[in-house]
Amino acid sequence: RCPNVRMLCYSRSWRVEKLKPLLFAFGALPNVRLWLSADSETGYPPEVPKGVRVAWLQTGEREDVQGDLVFQVRRLRRLELPMAVEVCPAELPKNKSRGVNCSNCRICWE
């Protein structure tokens, strides 16, 4: 109903079978950027539709991180661990001092 509004959504509702079809249909809209939220508790989603990405919440140093973008709990951000998956630039301490934030990073909107 709002084709001129760009929407960004992070959701863990991919785990609810009744909601999954609605969520995936929403994510297929051209003005929506849908991210499925996952972590070591939920595991990686078994189904990720085209155009939908996975955001991983890392809670441990030795965690098997998956997904397209990683968010880290506060205590891990300072460690600057070597990562195979990109960490949210707005969360990195070195970028905070440079003024990087969600408004100017825009990685989630790509």
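**Exercise 1.** Determine whether Arg106 is buried, partly exposed or exposed, and state where Arg106 lies relative to helix H4.

*Solution.* In this predicted model, the relative accessibility of Arg106 is 36%. Because buried requires under 20% and exposed over 50%, Arg106 counts as partly exposed. As to its place in the chain, Arg106 belongs to the segment that follows helix H4 (102–105).

**Exercise 2.** Which residues of H1 are buried, and how are they arranged around the axis?

*Solution.* First, list the buried residues of H1, which are Lys20, Leu23, Phe24 and Gly27. Next, consider their directions: they cover an arc of only 95° around the axis, and therefore lie on the same side of H1. This can be set beside the general rule that an α-helix has 3.6 residues a turn, so residues three or four places apart point the same way. On the other side of H1, Pro21 and Leu22 are exposed. Finally, the cover over the buried residues of H1 includes strand S1 (7–11) and S2.

**Exercise 3.** Identify the residues with the most contacts inside the largest nonpolar core, and the element that gives the most to this core.

*Solution.* The largest nonpolar core has 16 residues, and Trp14, Leu23, Leu34, Leu36 and Val70 have the most contacts inside it. Helix H1 (20–27), strand S2 (32–39) and strand S3 (53–58) each supply at least two residues of this core, with S2 giving the most, namely four. Apart from this core lies another, of eight residues, among them Ala55, Cys88, Ile107 and Cys108.

Technical notes
Residues numbered from 1 in each chain as written. Predicted model: local features only at pLDDT ≥ 70, side-chain atom pairs only at ≥ 80, totals over all residues. Heavy atoms only, no water. Core = buried A, V, L, I, M, F, W, Y, C linked by side-chain atoms within 4.5 Å. Buried < 20%, exposed > 50% of the residue type's maximum accessible area, 1.4 Å probe, protein only. Arc of directions from axis to C-beta. Contact = heavy atoms within 4.5 Å.
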